[in-house]
Amino acid sequence: MEGESKPAAMGVQAAPKGKFRMPVDSDNKATEFWLFSFARPHMSAFHLSWFSFFCCFVSTFAAPPLLPLIRDNLGLTGKDIGNAGIASVSGAVFARLAMGTACDLVGPRLASAAIILLTTPAVYCSAIIDSASSFLLVRFFTGFSLASFVSTQFWMSSMFSSPKVGLANGVAGGWGNLGGGAVQFIMPLVYEIVRKIGSTDFVAWRIAFFIPGIMQTFSAVAVLAFGQDMPDGNYRKLHKSGEMHKDSFGNVLRHAVTNYRAWILALTYGYCFGVELAVDNIVAQYFYDRFDVNLHTAGLIAASFGMANIISRPGGGLMSDWLSDRFGMRGRLWGLWVVQTIGGVLCVVLGVVDYSFGASVAVMILFSFFVQAACGLTFGIVPFVSRRSLGLISGMTGGGGNVGAVLTQVIFFRGTKYKTETGIMYMGLMILACTLPITLIYFPQWGGMFAGPRKGATAEEYYSQEWTEEERAKGYSAATERFAENSVREGGRRAASGSQSRHTVPVDGSPADV
């Protein structure tokens, strides 16, 4: 809630009077989350990031709600549809890796606007497709826009402090993913309106694609006009003034690919977000074909899966922060493993209850809450893996989601090898198997699921390994050191209280030792 901030803990100090409307820590990251505020730069960045990602989701999944019409109009086969679905999520694998690097080097504002504007022409071209190959191509290039997810998560991790980063990432990602549910309403509605005005079916579904194209264009312009990379300014200004070190691609890449935690999170994210993408592509057609419902009903059912993101993914982020407050990083890890495992079990059940329409809908909705909450829990952990390579590791994790979607659709939902319900059941088993590696993640300063922290290990030591002695001497690691100070609660309540007992905060808000 908006209001006066409480006395700060270790590493938290008041910003210069009048500089920020929100209370911030020593790194000027917001220590509170005012959902209905547009306070610059923190909350304005939040609203710009989730809305732009929402528009990209609408564009990427604009075709599935109208697939029965497009299929009949273009004469698409089941294989054509499966290939296009795979194409829609495969391109973003590499785009997300590139986006992560771009965020590290030029900032989330320019990186986000660039990918959105570059993919917008493909959305408009969806209105003029006339073959299976052109359908595949527009879905492939439109899918690149999903890389904006990486800039969304990077942006939130740059604007919000450790106690709120899980919530901020969860709400921004969840509300963005809402586009996958909202589009199930938007496209059939626009199609019906255009058709009732007097257009033929052939023309109506094509005109409908102009709506996501316009939304995407508007969001990119808004990001450029009103966005700000960091609490203290844009990357260009900070690099020029010397307040921020301009890093090299080689250093960013090296510290990302050599951190095994990033690879594990990429794998597990492939079977929460990746599964969500796969379901977005198949769910409307599955209910339309399996239970013989009409297009409108199939769209409503599919929309309910995506619309759960309004509370499920934010709920996962909130749970991650709550578990961190009580149990530190170990709580975040346990929460992710438990929630994603339950999601896997429910996915298996969804594939088994295909004999009942009511049971299938009920289980699908329950499944959506757990698989989407797992996404929020994942990005409650990602910001702590690395500071120097935060963008690329966010991209690796996000790209892992797309890889999971591609593999799942290639193996289980391409062609006629498996019935859709059988593929859903096997997908659940994959979730269970690919969630197990979370047990291997270990932070020496905070511990892992089954082991406590290493004696004497500190966050400062963990993050300083990414910088050479010469770089530290030049002050390049200053922001990383402030982050390490502000992340003390990841050691659990005992570590946080022990740290607070060694520090007090004078009236002027600056930390001092006693």
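F202 counts as partly exposed, since its relative accessibility is 44%; the term covers values between the limits for buried (under 20% relative accessible area) and exposed (over 50%), with a 1.4 Å probe and protein chains only. The structure is a predicted model, in which local features need pLDDT of at least 70 and side-chain atom pairs count only at pLDDT 80 or more, while totals for chains, interfaces and linings use all residues. Residues are numbered from 1 along each chain as its sequence is written, and side-chain values use heavy atoms, with hydrogens and water left out.

F202 is found in helix α9, where helices are DSSP runs (H or I, at least four residues) numbered from the N terminus. Together with V203, I207, F210 and I214, F202 makes a nonpolar surface patch of about 420 Å². Such a patch is made of residues with over 30% relative accessible area and no salt bridge, nonpolar side chains (Val, Leu, Ile, Met, Phe, Trp, Tyr) being joined within 5 Å and like charges within 9 Å. The accessible areas come from the Shrake-Rupley method with a 1.4 Å probe, and for residues only the protein chains shown count as cover. Helices α9 (201-208) and α10 (210-226) each supply at least two residues of the patch, and α9 gives the most, with 3 residues.

Two packed helices are described by the angle between their axes and the distance between the axes. The axes of α1 (residues 42-60) and α6 (residues 148-159) come within 9 Å and cross at roughly 165°. The axes are lines fitted to C-alpha atoms, for helices over the stretch in contact, with angles from 0 to 180 degrees between N-to-C directions. The crossing of α1 and α6 is left-handed, which applies if the near helix is turned anticlockwise from the far one by less than a right angle.

A search of the whole structure finds 10 salt bridges, each a side-chain nitrogen of Lys or Arg within 4 Å of a carboxyl oxygen of Asp or Glu. One of these joins the side chains of D232 and K19, at 3.1 Å from N to O. This pair links distant parts of the chain, 213 residues apart, with D232 in the loop between α10 and α11 (235-241) and K19 in the segment before α1. Both partners are partly exposed, D232 at 26% relative accessibility and K19 at 41%.

R290 forms a salt bridge with D354, the closest N and O atoms being 2.9 Å apart. Because R290 lies in helix α14 (residues 273-290) and D354 in the loop between α17 (329-352) and α18 (357-378), the pair ties together parts that are 64 residues apart in sequence. R290 is partly exposed at 33% relative accessibility, whereas D354 is buried at 16%. In the salt bridge between D72 and R71, the closest N and O atoms are 3.8 Å apart; D72 is exposed, with a relative accessible area of 60%, while R71 is buried at 19% relative accessibility.

C125 is placed in helix α4 (residues 108-125) and is partly exposed, with a relative accessible area of 35%. From C-alpha to C-alpha, C125 and R330 are 48 Å apart in space, and 205 residues separate them in sequence.
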